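Student: I would like to go through this model and ask what stands behind each label. Please set the values against the cut-offs as we go.

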Amino acid sequence: MSSKDDILKSVRNQIVPAADLPSLDQDWIHYGDAVAHFGDVLQAVGGTAVVVEGVDGLSAELAKIPVYTEGRKTVSCIDGLMGTVDLDRVEDPHELEDVDFAVLPGEFAVAENGAVWVTDAKIRHRVVLFIPQHIALVIPCPSGNVEEAIVNNMAEAYHRLSWQSNDFGCFVSGPSKTADIEQSLVIGAHGARSLHVFLLLP
Amino acid sequence: MSAVKSYDHPTNADRFNKDQSRTHWHDSALWFIREKRDRMANSLPEWETLRACASQIKSHTVSKLADYLEEFERNATARGATVHWAKDAEEHNRIVLEILQKHQAKRIVKSKSMLTEECHLNPWLEKHGIEVVDTDLGERIVQLRQEPPSHIVMPAIHLKKEDVSNTFHEHLQTEEGNCDPNYLTESARQHLRQKFVQADVGITGVNFAIAETGGFVVCTNEGNADLGVSLPKVHIACMGIEKLIPKVDHLSIFLRLLARSATGQPITTYSSHFHGPVEGGELHIVLVDNGRSKLMDSDDFRNSLKCIRCGACMNTCPVYRRSGGHSYAATVPGPIGSILNPLRDAKHHKSLPFACTLCGSCSDVCPVKINLHEQLLTLRSEVNRQKQLPVSKTMPMKIASWVFQRPKLYAWLGGIGKFFLRTMPRFLIYNGLNPWGRNREMPESPPESFRKQYAQRKKSQKSER
């Protein structure tokens, strides 16, 4: 008998009373101004959020960030914005070890916890979400309405997601951090040292 | 320095309390996190609804666990992952080693996984010539010090920055005496980057596995799990069978509770959803029982399988805060550990159900509503039933029970007790025969017993009438 059969048999042999699943359709929190709340929470976890108009607006905002302008090796997965490395030409993700700044697409944001949903659907190497020194996430708002890019809570967030493909997906809330040394918060543990979120209007 | 010298919680707690100022520091550091958790919980009006939902989802999952495990395997396999089944720690370790040997892997990076701690994976792999680097900063610190973690979420919570500075000076050649957490964290970042880049295989734990999609979620603040598995081609994820949830939408409940309960954050920095291997790579998922299925049919202890390992019960526990994680001599310390460990090994961990004041604070903060303090009380009688209680505990109970059944004798002894408490010299009251009085003052003895006061009151009421 295989271990699988053993374990399943052992699990099935136990007498466990039946229990129904709860309804997830509950009165979850809504914010009067979800956009502002998202910005506040993101700031509290060490990130920043800015609304920009078009790629020109994005470039102008990025130009204000010293670590972007001083970055020697940069990656961009945003149409119309150039990086110094073409991700699609990189065969071995280890080559991305020294990326200074990456500008990457985010799909939408969550007001309650300042998180942005990102996937590797359009990113060849998912390590580029984690290995660069600094990260900017750009959330498109094609209708020109920022509210559409921000959901109130995680229940709404999961309503927007689908799982047909094998894409890697991640809620990213602020820069990488740790408080493992005497509970002192330090930004920039292993991943990004800073996280800028841009809500991109057409 | 860390080898378990004793399984006896009071003995270990005593050692921890030798340094009073450090004990106070530890106590307040954890209470600070508890307060952060409270602020987060209070910021959501639906907090109690979330807890109730989470608890119910876990009850349901355990009631159909075999079906969900099969569903998970089917879906994970369809996405290209390989699912392995391990009955116990030994089989788990063997499976992981086989995968590593197949890929001739010599250097491994591992993110935090309490399961691999439970299975003692690291020493097993090291014995076979494989370097395993724990990449969570706290875990790396205790790994360099050859200590076990003292907390499941904050493995180095027992250490001061001076300790970390010394450890890093010795192992990472940092400046002697530089205790700045920014400097120390930066040094660890540089050191661990090398390890990430050199790694042949990445190992992670699993926070939640989803039957419906065959995927799983790993939560970190540092991004170490993600870095560890995005460079190598092989990812091994190790999980206990109780980590399963039925549907992906259920994550909306658990991810809202986990970080708020654990560290008082609205969510961890990275909540990564893995579905299938990277292009051209391999994803192995190891499902481990290791005694979990045996807890399922116990009405008393089944609930402990709901645990999502947030550590909130530790942060709030007055005993944990004042005795430190190592005093539990177990992978999972604190209230939940005091249940799980004796259930697995009552002989060694028999003192843990008594490392508890029954205050119930753990049950109040548990995000999945485990009735921790009730289970701890039940466990005490279980330890007694297994004849694992020392005479120093059973004998006084027997005597007390005998006296309580004889009211007249009890009243007489009460009078004697009061007399002695008032008149005896200190050394006759506070000595080895009175362990209760070792760190405490005995209550002041009242001039008259309650019994006497009550009788007098009755008498005076009667005469008034």
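Student: How do you know that chain A is in contact with chain B, and how many residues take part?

Tutor: This is a predicted model, and the contacts are computed from it. In chain A, 61 residues are in contact with 72 residues of chain B. Two residues count as in contact if their C-beta atoms lie within 7 Å, so each of these residues has a partner across the interface that meets the cut-off.

Student: Which elements of chain A supply the side that touches chain B?

Tutor: Helix α1 (3-12), helix α5 (154-159), strand β8 (169-172) and strand β9 of chain A each give at least two residues. The largest share, 8 residues, comes from α1(A). By type, the residues on this side of chain A divide into 32 nonpolar, 18 polar and 11 charged.

Student: What makes β8(A) and β9 (residues 270-274) of chain B a strand pair?

Tutor: A pair needs at least two bridges; β8(A) and β9(B) have 4, so they pair, and the sense is antiparallel. Within β9(B), B:S271 stands opposite A:F171.

Student: Which strands form the open sheet of chain A, and in what order?

Tutor: The order is β1-β11-β6-β3-β2, with parallel pairing. β1 (48-53) and β2 (74-76) of chain A are at the edges, because each has a single partner strand, and one side of each is left without a neighbour in the sheet. On average, neighbouring strands are turned by 20° against each other, direction ignored.

Student: How do you know that β3 (residues 101-105) and β6 (residues 134-140) of chain A are paired?

Tutor: There are 5 bridges between β3(A) and β6(A) against a requirement of at least two, so the two strands count as paired. They run parallel.

Student: What makes α8 (137-144) of chain B a mostly covered helix?

Tutor: A residue is buried if 20 or more other C-beta atoms lie within 10 Å of its own, and 7 of the 8 residues of α8(B) are buried, so the helix is called mostly covered. The buried ones are B:L137, B:G138, B:E139, B:R140, B:I141, B:V142 and B:Q143. They pack against β9 of chain A together with β3 (131-134), α9 and α10 of chain B.

Student: How do you know that the length of α10 (residues 181-198) of chain B fits a helix?

Tutor: At 1.5 Å a residue, its 18 residues should span 26 Å, and the end C-alpha atoms are 26 Å apart, so the two values agree. In α10(B), B:L184, B:T185, B:A188, B:L192 and B:F196 are buried. Their cover includes β9 (177-178) and β10 (186-187) of chain A, and also α9 (161-172) of chain B.

Student: Which residues have the most contacts inside the largest nonpolar core?

Tutor: That core has 174 residues, and those with the most contacts inside it are A:A109, A:V128, A:L137, A:I139, B:I108 and B:F254. Helix α12 (residues 251-262) of chain B gives the largest share, 8 residues. Leaving out residues up to four places away in sequence, A:A109 touches A:F38, A:A115, A:V116, A:I139, A:A149, A:I150 and A:V197.

How values were computed:
Residues numbered from 1 in each chain as written. Chains lettered and ligands numbered in written order. Predicted model: local features only at pLDDT ≥ 70, side-chain atom pairs only at ≥ 80, totals over all residues. Expected span 1.5 Å × (residues − 1). Buried ≥ 20, exposed ≤ 12 C-beta atoms within 10 Å, placed from the backbone. Axes fitted to C-alpha atoms, helices over the stretch in contact; angles between N-to-C directions. Core = buried A, V, L, I, M, F, W, Y, C linked by C-beta atoms within 7 Å. Nonpolar A, V, L, I, M, F, W, Y, C, P; charged D, E, K, R; others polar.
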